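Dear colleague,

I am handing over the structure below, and after it I describe what was found. Please keep it open while you read.

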Amino acid sequence: FLPRLAQYKAQKEIFGDRNSYSKTDNDATFMRMKEDHMKNGQLKPGYNVQMGTENQFILFYTIHQRPTDTRCFIPHLEKLASSSLPMPKTVIADAGYGSEENYLYAVGEEKEPRFDFLIPYGTYLKEKTRKVKKDIKNVMNWEYDEKDDCFICPNGRKVTFRKYQMKKNVSGYEQSYKIYECEDCTDCPLKPQCTKAKGNRQVHWNTVFEEMKAKAKAALECEDKAAIYARRKVEVESVFGHIKGNRSFRRFSLRGIDKVHVEFGIVALAHNILKVAGIRLDTFLESIGIKKQAGEKRKVFHQLVYYFRDFLDSPYS
């Protein structure tokens, strides 16, 4: 068994904090791609490319071995902070980046924001639906008694605080929960609709995350900020559309995270140069009196924002 133990040890060193790696490219991690021709959710070796844009220009990018966008948010911005580029005043990202850990990073340790953020959480849109608003098992629809620190369930019974509990998520981040339990669910006619538990209904309430979610929700529902967030798709999605659709860059040709970083840097550089060339061409045509048809005219919006997204749509190894 000694040769096998040595093999396991070598593989463990390659794994690191990942759960898989490719034998043809040890730096690549198996991930689920949107490009799934077999329609069976197959895994393919790849890299997670995180990109920040402004006015459809690529400002900064990083290469990650983690398949989930949530765990790439902080490392990406840490690398940006260590570079010579200035930190953004506002970061805009989709719901894939909305987590307690990422919100707290944006707010800062001293409650002084590192930057403003417009990042919805995973259930933001779902909470707006009529079905969720009328769901009796949803704690958000219950009455809360701040004086006694308890919830009042739809049947009028108190769900009182019992204890604190710490939980670790997949990334190892510890979250603090307040555990509430109903005083008595016996013979409650609403119990089948409220919980599947055999005993009394329990509520696991993450106070910090709920506070951050409320902050994110308030920002997204502000009319001015909502208009900025609405431009996220125009800003960052079009960049991926140009790179992957118009220029057919859907796979990396090189192997190894360092080489992949250089390869995507060349792609980003080409994208920015072509973007500048297009703007200058439009400016020149307008100066000599030639205008494009309505709807084809390019405009540049100067906003001090930082649009954030991943590039994980197809394999890269």
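Counting disulfides, where a disulfide is a pair of cysteine sulfur atoms within 2.5 Å, gives 0. In C188, the sulfur is too far from any other cysteine sulfur for a bond, because the closest one, in C153, lies 5.7 Å away. C188 is buried, with a relative accessible area of 14%, whereas C222 counts as partly exposed at 30%; buried means under 20% relative accessible area, exposed over 50%, and partly exposed in between, with a 1.4 Å probe and protein chains only.

This is a predicted model, in which local features need pLDDT of at least 70 and side-chain atom pairs count only at pLDDT 80 or more, while totals for chains, interfaces and linings use all residues. Residues are numbered from 1 along each chain as its sequence is written, and side-chain values use heavy atoms, with hydrogens and water left out.

As for the strands, which are DSSP runs of E with at least two residues, numbered from the N terminus, β9 (residues 158-168) and β10 (residues 174-182) run antiparallel and are joined by 9 bridges; two strands pair if DSSP finds at least two bridges between them. Within this pairing, Y164 stands opposite K178 in β10. The two strands, β9 and β10, form a hairpin with 5 residues between them, and G172 in the turn has a positive phi of about 90°. β10 also pairs in the antiparallel sense with β11 (residues 202-205), over 4 bridges, and there E181 stands opposite Q202 in β11.

Best wishes
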